[in-house]
Amino acid sequence: MDSRLAEADAQAIIFTNGLIYTMDRPWPVEAMAVRNGRVATLGTNRELSGAAGARTVDLGGRTIIPGLIDAHIHFLSYARSLNKVILEGVRSKEEALRMVAEKARELGPGRWVLGGGWNHYLWDPPSFPTRHDLDRVAPDNPVLLDRKDLHSCWVNSMALQAAGVTRDTPDPPGAAIGRDSDGEPDGLFYESATAIPRRVISEAPEDALTVMRKGFENLASMGLVGFHDCEGPDAFSAFQQLDAQGELPMRIVILLAYPTLDQSIAIGLRTGFGTERLRVGPVKIFSDGSLGSMTAQMLDPYVGHPNNKGISTISQEELEEAIMKAAEAGIPSAVHAIGDAANRRVLDAFAKVGNAGGLTHRVEHVQHLHPNDIPRFGKLGVVASMQPIHATSDMLPADRLLGNRARYSYAWRSLLNTGAVLAFGSDAPVETPNPFAGIHAAVTRQDENDLPENGWYPDERLTVEEAVRAYTEGAARSMPYLPGVTGMLHEGAVADFLVLEQDIFAADPREIKDMKPRATVIGGEAVYDPDRLLAG
């Protein structure tokens, strides 16, 4: 018996006969002891057997890995999307319209039809829809449908009328209202203009706590033990309420919304403040839009659109001032950058600001890069917070809109080889929050149908270990107060882990997307264990 377990009590649990990957050593161990929500020790079955009062769980050869962390999610939006029209993966505009018509009939006249996830690049032809399409199937309901990237939305005429939008309504700064050839609103809103129709949505929002509980259950069943949430005060308030009641089941880092930065600084809020389950993270700043909406800021024009290089949503001067102001208050920055021009601008800002406060900054998405900027992430110590499943849904639009420049889109291998820290997430509800789908995308660079055959720009593929590490250690390293506590299974770390039926590191990479945990454990307690594998 290991001497460190000599005083184990009835709260100790010993997991034996497993393949336990700690992520801080190159080989799996057989057994792990957990006490008071933390890893007490690791070793062989023999070393950990016989501890007085300890309960033993025989893993039967199953695999344990550290719990997976989603480094970029919009959790409340995801939870609320579970009750909306979900157009994710819909392959035609007519099918999307059929689903809208069905929801309109279900709700009855006058009720808002809300939803999202549409991707016109999956349609034939791949053209943007208009209000007239929705008018055909829902003439008596206002409709608002977010594009899958959340950087544009599609509404019908009734929603335009409710919002008071006419041909004379001006575009907001750094945003646009779509217009037809006659100058009339066409039913599309881009970037911050999407807030215009949202202001008049008359439906009472679902209770945040109710929808969050369902969302937590879904994430736990997928193997997530925590996430970094990119939302506003409403989500933060709900998280705090659950945490105060002892009902917050996961570990959450809340990214501060940029419009709240001054207030956060004024009350002395600093990154790292909080509890074991809820902590304040960096401030989230936007620098551009998205590829699919052609609002990502590019160095060169989009193919076929010679006058369009995307949108800059913040000036360089304001960006640098914001990063410095936050850093001086002990708050690092996480800056949304999709296009190669936006990523360059953000890296330039971080380089100019320097290492004020010794903070770890992040770039969110890092989707499209100029090759000269790839080594700068490692050199500057800036975390590349990326969502690998975006690559598989963006392959077609990237090739269409960027041409050969897509070679350095989602450049995970190039970034890792030049010293960058990768932190992976999903951007749900833009994509599925299932981390195994993300690992599959990172390792194969193929979609759910295993296409293209050898992967899209296969030189940028990762190994399974590297992809898992980006969902564990990498996500923890992006928050300076988390390494050594989460993301690995070593003595003293929180006991957040998954039990898998298969050894993920030995499996066929094409099978990873279909994996799911047999059990998800957070703080030594099973939050997902439908077969009661760990009960006893």
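Q: How many aromatic pairs does a search of the whole structure find?
A: The search turns up 17 aromatic pairs. Rings of Phe, Tyr and Trp (its six-membered ring) pair if their centres lie within 6.5 Å; planes under 30 degrees apart are stacked, over 60 edge-to-face, and the rest tilted. Bear in mind that this is a predicted model, where local features need pLDDT of at least 70, side-chain atom pairs count only at pLDDT 80 or more, and totals for chains, interfaces and linings use all residues. Residues are numbered from 1 along each chain as its sequence is written, and side-chain values use heavy atoms, leaving out hydrogens and water.

Q: Why is the pair of Phe 216 and Phe 227 called stacked?
A: It's 6.3 Å centre to centre, with 25° between the planes, and stacked applies because that angle is under 30 degrees.

Q: How do you know whether Phe 216 is buried or exposed?
A: Buried means under 20% relative accessible area, exposed over 50%, and partly exposed in between (1.4 Å probe, protein chains only). Phe 216 has 5%, so it counts as buried. Phe 227, at 0%, is buried too.

Q: What makes Arg 407 count as sitting over the ring of Tyr 408?
A: The charged end of Arg 407 is 4.6 Å from the ring centre. A charge sits over a ring if NZ of Lys or CZ of Arg is within 6 Å of the ring centre and within 35 degrees of the ring normal. Arg 445 lies over the face of Trp 412, also at 4.6 Å from the ring centre.
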